[in-house]
Amino acid sequence: MSSFSSDKFVQISQAGVFLLAVVGALTITVKTLSFWKLLFDLYIRPGKSLKKFGAGTGAWAVITGASDGIGKEFAYQLAAAKFNILLISRTASKLQDISNDIESKYQVESKIYAMDFTNGDKKDYENLKEIIERLDVGVLINNVATNHEIPTPFILESDEIIHNIVEVNISGLLRITKIILPRMLSSNRGLIINVGSFSGMIPTPYLSVYSASKAFMSTWSAALGAELKSKGIVVENVNTYFVVSAMSKIRRSSWLIPYPNPYVRSVLSKIGVPGGASYIPYSSNVYPSHAFINWIITNTFSWSFWVKKGLAQQENIRKRALKKREREAAAAKAQ
Ligand SMILES: NC(=O)c1ccc[n+]([C@@H]2O[C@H](COP(=O)([O-])OP(=O)(O)OC[C@H]3O[C@@H](n4cnc5c(N)ncnc54)[C@H](OP(=O)(O)O)[C@@H]3O)[C@@H](O)[C@H]2O)c1
């Protein structure tokens with residue numbers, strides 16, 4: 001009797017080991033294939049041509065948050081691709097300088113509209129509608145966003161900052177797109193790039209409202225993208241890790257953190273290629289180092305691991321930011 005039980009135990013153990021080996025082999029195969037697919041997306045697969053969206057035909061690209069950072073770079077590279085450019089942000093003088101520069105460098109037309117999205121002013125959207133109704137819009141870059149000033153627990157965050165993030169990152173996004181979509185639908189073509197963030201993929205404690213606004217952007221992009229696909233309009237949530245800019249407060253580039261120029265170049269050369277974000281519908285992640293990080297995040301530890309890691313990281317940044325504020329306040333008092 002006891003020898004029968006031990007035989008059975010051995011058989012069950014062997015079956016268990018075999019099953020584990022099969023599951024292990026399958027997991028490794030799936031991960032290896034997904035890594036090869038990532039390499040294919042990043043280095044071989046071509047993106048859609050900007051000509052599909054009207055480049056060189058007098059069509060316009062509309063860019064929000066166009067006076068600095070990633071948005072400004074989109075303006076220059078789309079002008080170089082022969083789109084006329086409508087630039088939108090708060091500072092008219094910066095927009096005018098960029099507009100003049102673009103016109104002389106690329107022989108395209110450009111217009112500017114200065115508005116502060118935090119105001120949610122109906123008049124601004126009516127004015128924009130009037131301008132846009134007269135343009136053949138091929139591309140919309142929904143780039144403008146605002147963030148928490150420093151990582152802050154939700155309960156301590158000011159009502160003003162919460163309002164601004166919702167007004168700019170969510171209401172502004174929806175209102176601008178609603179104004180532009182009819183122009184794209186009437187020509188059966190269009191490209192809508194929504195500049196998203198890794199913090200929309202991994203919930204980021206202490207940047208909770210910004211993080212949730214980018215998750216909104218990602219989900220909305222997927223839903224809208226599916227609605228519009230059959231109408232010739234491509235919607236893409238560009239899942240962005242860090243880029244050197246005023247918002248990121250990072251001044252020097254590295255392998256992981258590019259300047260806006262190479263970042264935008266990779267986005268525009270790979271329209272329709274999902275890259276590292278292939279598991280999020282209508283999202284893309286094609287800047288190589290960002291895509292590798294994305295692949296590691298989604299193929300190694302659980303989401304709760306990454307949220308916990310984000311918590312520790314943001315707590316650390318907050319501590320340093322508060323100390324900096326204290327030093328600045330002391331210096332100001334001493335003057
Ligand atoms: N940089 C990163 O590491 C990073 C990472 C992930 C995602 N992103 C996303 O990338 C996008 C661009 O960020 P960025 O880093 O390029 O930022 P940035 O360099 O700070 O530029 C922000 C742009 O938006 C304009 N702007 C800001 N607030 C505005 C408002 N209330 N109304 C109108 N215009 C406003 C600014 O111009 P004015 O001051 O003249 O208005 C500027 O042109 C954002 O959607 C951001 O969430 C950035």
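Predicted model: local features only at pLDDT ≥ 70, side-chain atom pairs only at ≥ 80, totals over all residues.
Analyst: A helix here is a DSSP run of H or I with at least four residues, a strand is a run of E with at least two, and both are numbered from the N terminus.

User: Thanks! Why is K249 called exposed?

Analyst: The label exposed asks for over 50% relative accessible area. K249 has 53%, so it counts as exposed.

User: And what makes the phi of K249 worth a remark?

Analyst: The phi of K249 is positive, about 60°, although K249 is not a glycine.

User: Where is N188, and is it buried or exposed?

Analyst: N188 sits in the loop that runs between α5 (159-187) and β5. Its relative accessible area is 55%, which is over 50%, so N188 is exposed.

User: What makes the pair of T64 and N143 a polar contact?

Analyst: The side chain of T64 reaches the backbone nitrogen of N143 at 2.9 Å. The cut-off for a pair of N or O atoms is 3.5 Å, with one atom able to donate a hydrogen and the other able to accept it, so this pair counts as a polar contact.

User: Which residues come nearest to the ligand?

Analyst: N143 is one of them: S67, T91, N143, Y210 and S245 come nearest among the 31 residues around the ligand.

User: How much of the ligand does the protein bury, and which elements give two or more residues to the shell?

Analyst: On its own the ligand exposes 890 Å², and 93% of that is buried by the protein. The elements giving two or more residues to the shell are α2, β5 and α7 (208-228). Of these, β5 gives the most, with three residues. By residue type, the shell holds 14 nonpolar, twelve polar and five charged residues.

User: What does the UniProt record say about S197?

Analyst: An unreviewed UniProt entry places the feature "binding site" at S197; such an annotation may be inferred rather than shown by experiment. In the model, S197 lies in strand β5.

User: Why is S197 counted as buried?

Analyst: S197 has 12% relative accessibility, and the cut-off is under 20%, so it counts as buried. Beyond its neighbours within four places in sequence, S197 is in contact with Y210, K214, V238, N239 and T240. A polar atom of the S197 side chain also lies 3.0 Å from the backbone nitrogen of S199.

User: What makes A277 buried, and where does it sit?

Analyst: A277 has a relative accessible area of 0%, so it is buried. It is found in the loop between α8 (260-269) and β7 (283-284). Its contacts, not counting residues up to four places away in sequence, are N239, S283, S284, N285 and N294.

User: Which residues of α8 are buried, and what covers them?

Analyst: The buried residues in α8 are P260, Y263, V264, S266, V267 and L268. Their cover includes α2 (69-80), β5 (190-197), β6 (233-240) and α9 (288-299).

User: One more: what does the model show for the "transmembrane region" in UniProt?

Analyst: The unreviewed UniProt entry lists that feature for residues 12-36. In the model, this stretch is 100% helix and 0% strand, with its end C-alpha atoms 36 Å apart. The protein chain as a whole has ten helices and seven strands, and 46% of its 335 residues count as buried.

Notes:
Residues numbered from 1 in each chain as written. Heavy atoms only, no water. Buried < 20%, exposed > 50% of the residue type's maximum accessible area, 1.4 Å probe, protein only. Contact = heavy atoms within 4.5 Å. Near = heavy atom within 4 Å. Areas by Shrake-Rupley, 256 points an atom, 1.4 Å probe, with all protein chains shown as cover. Nonpolar A, V, L, I, M, F, W, Y, C, P; charged D, E, K, R; others polar.
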